[in-house]
Amino acid sequence: MRFYRPLRAIKAITFDLDDTLYDNSPVIRKTTDESHAALQSYHPALREFTMLDYQILRDELLSREPDIYHDVSEWRRRSVELALLNVGLSTQEATAGSEEIMSVFHHWRSQVEIPEETHRTLQALVKKVPLVAITNGNARPEKLGISDYFQFTFRAGPHGRAKPYKDMYYLAAQMLSIVPEYILHVGDDLRTDVAGAVCCGMQACWINLRGDNLMHIDEARLLPHVEISRLLSLTLLL
Ligand SMILES: [Mg+2]
């Protein structure tokens with residue numbers, strides 16, 4: 001554990017989900033493959049549809065509707081819908097198809113293995129302070145078996161713009177009725193989690209699971225208050 005700024009009292013903790021509470025990379029790879037396969041088999045004209053084709057549709061949507069960036073699930077669904085429209089499905093059929101493929105996506109997206117250490121840490125912390133989940137992604141705590149730890153779950157899109165924007169950080173402070181100075185945000189991303197939280201006046205904890213050196217990372221613009229290399233260390237802060 002390393003300290004870079006003096007810590008104040010911690011009256012609540014907000015958590016990033018992906019790559020903070022669990023390793024997200026294996027599940028996201030599998031999820032992407034499975035939902036792409038579902039799209040390819042949905043219509044004969046999409047059998048040869050590649051990931052690159054999909055990426056081009058995503059980019060096209062983003063340039064037309066930049067705000068879609070903040071809602072990754074809707075961005076994905078609309079890209080799938082566009083692929084289905086492009087092969088001649090009606091609007092209604094394309095919408096229904098996109099929803100079906102998104103249910104495949106969410107099924108695989110929820111096959112996350114939550115480490116025992118995460119459960120142990122959250123169990124210990126929740127006895128002391130309220131916990132909140134704040135995610136830019138599309139993981140659903142209720143499907144991962146961790147929703148009971150959180151008083152609130154905020155997701156970019158439905159609950160505001162993606163981190164590092166302040167929307168969800170301020171929403172957390174407001175819903176908890178705790179000023180940002182007494183909230184600690186924990187996350188793996190130096191830009192969205194650390195800089196985002198610090199700019200809101202929160203305290204920030206960077207979880208450095210890969211043994212990186214903060215001083216040698218280009219995107220490290222703002223120092224966190226504290227750096228940890230394993231989640232369980234948080235229990236020492238309260
Ligand atoms: Mg993360």
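Predicted model: local features only at pLDDT ≥ 70, side-chain atom pairs only at ≥ 80, totals over all residues.
Is the crossing of α3 and α4 left-handed or right-handed?

The crossing of α3 and α4 is right-handed. Helix α4 covers residues 91-109, and the axes of α3 and α4 are 8 Å apart, at an angle of about 135 degrees. That angle makes α3 oblique to α4. On the α3 side, the contact is made by Ser73, Arg76, Arg77, Val80, Glu81, Leu84 and Leu85. On the α4 side, the residues include Thr91, Ala94, Ser98, Ile101, Met102 and Phe105. By type, the contact of α3 with α4 divides into seven nonpolar, six polar and four charged residues.

Staying with α3, which runs over residues 72-86, Glu74 lies in this helix. Along the chain, Glu74 and Asn138 are 64 residues apart, and their C-alpha atoms are separated by 9.6 Å.

Now the metal. Which residues are the protein donors of the magnesium ion? They are Asp16 and Asp188, each through OD, and Asp18 through O, lying 2.1 to 2.2 Å from the ion. Written as a sequence pattern, the spacing of these donor residues is D-x1-D-x169-D. The pair Asp18 and Asp188 links distant parts of the chain, being 170 residues apart. Asp18 is in the loop between β2, residues 12-15, and α1, residues 25-42. Asp188 is in the loop between β5, residues 183-187, and α8, residues 190-199. Asp18 counts as buried, because its relative accessibility is 15%. Asp188 counts as partly exposed, at 26%.

The loop with Asp188 leads on to α8. How many of the 10 residues of α8 are buried? Eight of them are, so α8 is largely enclosed by the rest of the structure. The buried residues are Leu190, Thr192, Asp193, Val194, Ala195, Gly196, Ala197 and Val198. What covers them includes α7, residues 167-176, along with β5 and β6, the latter being residues 203-207.

Last, the backbone. Most residues other than glycine have a negative phi, and most peptide bonds are trans. Here are some departures from that.

The peptide bond from Lys163 to Pro164 is cis, with omega near 15 degrees. Pro164 lies in the loop between β4, residues 150-155, and α7.

Asp19 has a positive phi, near 65 degrees, and is not a glycine. Asp19 lies in the loop between β2 and α1, where the magnesium donor Asp18 is also found. With a relative accessible area of 30%, Asp19 is partly exposed.

Ser177 also has a positive phi, near 55 degrees. Ser177 lies in the loop between α7 and β5.

To recap: α3 and α4 make a right-handed crossing, the magnesium ion has Asp16, Asp18 and Asp188 as its protein donors, and α8 is largely enclosed. The Lys163 to Pro164 bond is cis, and Asp19 and Ser177 have positive phi. That is what I have for today.

Methods: Residues numbered from 1 in each chain as written. Heavy atoms only, no water. Donors = N, O, S within 2.8 Å, 3.2 Å for Na, K, Ca; no water. Helix = DSSP H or I, 4+ residues; strand = E, 2+ residues; numbered from the N terminus. Buried < 20%, exposed > 50% of the residue type's maximum accessible area, 1.4 Å probe, protein only. Axes fitted to C-alpha atoms, helices over the stretch in contact; angles between N-to-C directions. Parallel < 35°, antiparallel > 145°, perpendicular 65-115°, else oblique. Left-handed = near helix turned anticlockwise from the far one by under 90°. Contact = heavy atoms within 4.5 Å. Nonpolar A, V, L, I, M, F, W, Y, C, P; charged D, E, K, R; others polar.
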